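Please look over the sequence and the structure before reading on.

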Amino acid sequence: MTGASLATASTESGNPLHPLASSPEGARRMANAIRALAMDAVEAAKSGHPGMPMGMADVATVLFTRFLKFDAADPHWPDRDRFVLSAGHGSMLLYALLFLNGYEGIRIDDIKRFRQLGSPCAGHPEYGHAPGIETTTGPLGQGVANAVGMALAERILAARFGDKLVDHKTYVIASDGDLMEGISHEACSLAGHLKLNRLIVLFDDNGISIDGSTSLADSTDTLARFEAMGWAASRVDGHNANAIAAALEDAQSSNRPVLIACKTTIGYGAPKRAGTAKAHGEALGADEVAGARVALDWPYAPFEIPADLLSAWRANGERGQKHRAAWEARLASSAADLREQFRSALSGNVPAALAGAIATLKAKLSAEKPSVATRKASEMALEVVNAVLPNTVGGSADLTGSNLTKTKNETNIAPDNYAGRFIHYGIREHGMAAAMNGMALHGGVIPYSGTFLVFSDYCRPSIRLAALMQLRVIHVMTHDSIGLGEDGPTHQPVEHLAALRAIPNLLVMRPADAVETAECWEIALGQKNRPTVLALSRQNLPTVRIQHTEEKPCGRGGYVLRACEEKPEVTFFASGSEVEIALAAHEILSKAAVPAQVVSMPCWRLFDEQDARYRAQVIGSARVNVAIEAASSFGWERYIGPSGIFVGIDHFGASAPYKELYKAFGITAEKAAEAALAGLRKKD
Ligand SMILES: Cc1ncc(C[n+]2csc(CCOP(=O)(O)OP(=O)(O)O)c2C)c(N)n1
């Protein structure tokens with residue numbers, strides 16, 4: 001680092017800066033503590049990524065010592081600044097910072113066990129492993145897109161609760177890989193449009209990726225790109241603390257999101273590997289580590305942090321206490337009802353009134369028996385949900401009128417107006433899903449949004465991370481089969497239900513009618529620890545749950561919708577729009593005096609979680625099992641058994657009116673009944 005003294009950086013209440021942090025030489029030594037921990041931990045694990053933490057140590061030190069508002073003793077403090085390490089491969093940067101600043105969740109022994117089973121210091125940062133890890137990163141681009149959601153949630157909550165309670169920033173460290181990924185375009189252009197000026201991205205502009213120089217594959221003018229997306233962009237020497245501090249200082253008053261490209265040397269300090277792709281993702285090796293110790297003037301043993309540096313860092317970890325105390329005083333002195341609403345929003349609890357409101361809706365629907373598409377039924381449920389829950393934030397990736405996710409009381413969130421409750425995400429499914437994750441991580445809001453089910457593929461990496469992080473995000477995915485008709489096979493999901501059902505900890509719910517849809521909404525909102533995909537029809541469907549119950553059979557994943565007095569010879573299993581077909585097939589068999597029952601299976605995962613007795617009771621022991629679903633058969637054998645019959649579609653669809661498609665592909669009550677009878681004959 002260069003420069004005689006560091007520019008005076010702002011931390012609004014003028015919290016004292018540790019003397020070490022305020023001199024370039026002291027800051028350099030503090031940064032070297034990060035470098036040493038990173039190279040030693042990777043060396044001990046014999047795997048990992050030393051290059052990025054060593055390269056970005058100076059930037060991170062300036063950020064954490066002079067700008068980031070946090071209190072290591074209270075890592076969940078709601079008004080803390082968020083820090084996202086989007087380049088998750090550089091996880092040791094984050095672990096070193098958390099340990100040095102005194103976060104309880106990361107001890108030196110955890111760092112010594114970097115990448116080992118049970119250590120919170122996993123290969124890539126994992127949300128929930130230790131406080132201070134704000135999101136799970138590793139799949140490049142996700143973190144920066146999460147940060148967009150966090151910055152947006154901050155603005156939404158500030159509009160609702162005022163800046164006395166909500167007034168923080170979101171900082172990101174992003175790498176070349178993060179910004180090359182397409183998701184960065186989706187999310188960052190949305191951030192630019194929405195003028196999320198409290199979002200500050202520190203770009204590790206080291207020009208190196210795994211294959212070598214980034215010039216092998218990229219010649220983007222990143223600053224120009226971000227400026228074109230409505231960001232403020234600048235370039236600094238990422239090893240010059242003065243320059244970094246000055247750029248961050250400027251960023252504090254920006255009216256746009258900010259990108260600061262920090263020119264750094266990957267593996268800074270490693271004599272031979274610095275500046276090379278070899279520094280990216282391999283242990284440096286004993287000679288190189290020894291050389292780096294000399295180059296960095298770091299004569300200490302592995303994992304040893306000299307007392308003066310550790311105490312400087314630890315003091316830094318306490319700097320935010322004043323901020324937090326002031327915030328707590330503001331919270332305590334705010335109006336009681338506002339305080340209560342704020343606490344309630346952050347608790348993530350769903351108000352008790354929701355259950356009653358949904359039960360009333362269900363009773364009404366069972367009595368009125370509307371014939372509506374489940375996407376329409378979802379809109380009807382959402383009218384109730386959004387009236388009871390003040391913290392849902394809806395949206396759609398440019399399919400609002402198709403997904404029907406916008407209710408009457410939702411106004412738009414717009415640049416400079418964050419008081420709305422609906423986000424027009426634009427045609428940015430991936431960015432949308434990742435931003436929703438960021439909003440859920442931030443807390444205080446429950447994000448839901450919409451697209452077509454076929455485009456779940458465009459969101460899949462973020463849905464997977466939502467499931468991994470145990471986040472409540474709700475995806476309304478309409479046009480859920482060939483039932484969408486004329487748009488044809490490009491728009492007709494076939495394998496998507498199976499693909500989504502394969503993601504652990506994700507609820508895939510495909511309700512059969514308006515009643516089940518309302519029930520599924522309530523169940524999805526009650527899942528604090530997992531995401532939900534609601535697969536909904538474009539076409540109208542009759543009400544099949546005509547007997548009102550205060551119970552929530554969809555909560556058991558599968559249930560007998562049409563029981564049979566005698567022992568059934570045939571059981572029809574179906575989900576969503578095919579439940580109607582199963583009921584009609586049941587009718588045909590009734591006329592032929594064949595006892596049959598119908599099981600509605602809106603959610604496999606919830607069904608699988610029921611006890612064995614319940615599952616056995618629902619699956620029953622009919623001689624013939626038939627599953628009907630306008631989708632791939634993949635996975636159904638676990639319910640219908642190896643000799644079960646599947647009526648569905650194991651190939652792509654076609655462009656035609658939907659009723660013709662059902663007929664052409666043999667997904668009809670007649671075919672299902674015929675197949676069942678043929679199955680019975682075979683067993684005779
Ligand atoms: C979506 C995704 N694709 C690929 C990878 C594998 N990967 C990890 S880091 C990296 C690129 C490294 O380059 P850069 O982002 O510039 O990081 P640096 O080398 O500067 O640490 C790749 C391809 C990944 N983690 N995520």
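## The largest pocket

On a 1 Å grid over the protein atoms alone, a pocket is an open set of points with protein on both sides within 12 Å along at least five of seven lines, while a cavity is a set of points where a 1.4 Å probe fits but cannot get out; lining residues have an atom within 4 Å of a point. Grid points are joined across faces, edges and corners, and a volume is the space filled by probe spheres set on the points. The model is predicted, and local features need pLDDT of at least 70, side-chain atom pairs count only at pLDDT 80 or more, and totals for chains, interfaces and linings use all residues. Residues are numbered from 1 along each chain as its sequence is written, and side-chain values use heavy atoms, with hydrogens and water left out.

The volume of the largest pocket is about 650 Å³. Its lining consists of 30 residues, of which Y127, L346, A440, L441 and G443 are the closest to the centre. Two elements, α14 (336-347) and α18 (429-442), each give two or more residues to this lining (helices are DSSP runs of H or I with at least four residues, strands are runs of E with at least two, and both are numbered from the N terminus). By class, the lining has 14 nonpolar, 11 polar and five charged residues, where Ala, Val, Leu, Ile, Met, Phe, Trp, Tyr, Cys and Pro count as nonpolar, Asp, Glu, Lys and Arg as charged, and the others, Gly among them, as polar.

The largest cavity holds about 100 Å³ of space, and among its 15 lining residues F70, D81, Y103, G132 and E134 are the closest to its centre. That lining divides into nine nonpolar, one polar and five charged residues.

The second largest cavity, with a volume of about 40 Å³, is lined by P78, D79, L157, L165, V166, H168, F342, L346 and H442.

## A helix contact and a salt bridge

In the contact between α7 and α18 (heavy atoms within 4.5 Å), I183, E186 and A187 of α7 meet E429, H430, G431 and A434 of α18. These residues divide into three nonpolar, two polar and two charged.

The model has 32 salt bridges, each being a side-chain nitrogen of Lys or Arg within 4 Å of a carboxyl oxygen of Asp or Glu. D205 forms one with K263, the closest N and O atoms being 3.5 Å apart. This pair links distant parts of the chain, with D205 in strand β3 (residues 199-205) and K263 in strand β7 (residues 258-263), 58 residues apart.
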